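Colleague: Could you walk me through one part of this model in detail? I would like to hear about the charged side chains and what surrounds them.

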Amino acid sequence: MLVSALIRQTEAHGAFAAVLRKGDRTSGSILLLRREKGLNPALFERFPSLDGPGEWSEITIESIEKEEKISTYLERRATRDPDIWILELDVPSAERFTDILASMN
């Protein structure tokens, strides 16, 4: 349900969303690959919080050969966690991405 909501909110904010990997409908973790107009890839994951909904945090990956490192990281995570969802959000700006995530709380 969260994946569908993320896709709807992304499109409502004038951005593009695509499911790169489908996970388990009820228990899968969600990774977001954010791009700004097709560039500047960054990964985000939602981590549990004790006082409310989970919070999205950026996963730090070295900027050298970032595309290749992100692909390797996503493959490794999918191998270790077959329930994981991977979404790509292509947004006009980082601020728009922040707005999308804020609208999910």
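**A closer look at the salt bridges**

Modeller: Happy to! Let's begin with Glu67, which counts as partly exposed because its relative accessibility is 38%. Please keep in mind that this is a predicted model. The side chain of Glu67 meets that of Arg35 in a salt bridge, with 2.6 Å from N to O. Arg35 belongs to strand E2 and Glu67 to helix H2 (residues 66–80), so this pair ties together parts that are 32 residues apart in sequence. Arg35 itself counts as buried, because its relative accessibility is 12%.

Arg35 also forms a salt bridge with Glu88, where the closest N and O atoms are 2.8 Å apart. Here strand E2 holds Arg35 and strand E5 holds Glu88, so the pair ties together parts 53 residues apart in sequence. Glu88 is buried, at a relative accessible area of 18%. Through shared partners, the salt bridges join Arg35, Glu67 and Glu88 into one network.

The structure holds four salt bridges, and another of them pairs Arg34 with Glu36, the closest N and O atoms being 3.2 Å apart. Arg34 counts as buried, with 10% relative accessibility.

Phe97 is one of the residues that touch the most other members of the largest nonpolar core, a group of 18 residues; Leu6, Ile30, Leu32 and Trp56 are the others. Strands E2 and E5 are among the elements that give two or more residues to this core, and E5 gives the most, with four.

Note on methods
Residues numbered from 1 in each chain as written. Predicted model: local features only at pLDDT ≥ 70, side-chain atom pairs only at ≥ 80, totals over all residues. Heavy atoms only, no water. Core = buried A, V, L, I, M, F, W, Y, C linked by side-chain atoms within 4.5 Å. Buried < 20%, exposed > 50% of the residue type's maximum accessible area, 1.4 Å probe, protein only.
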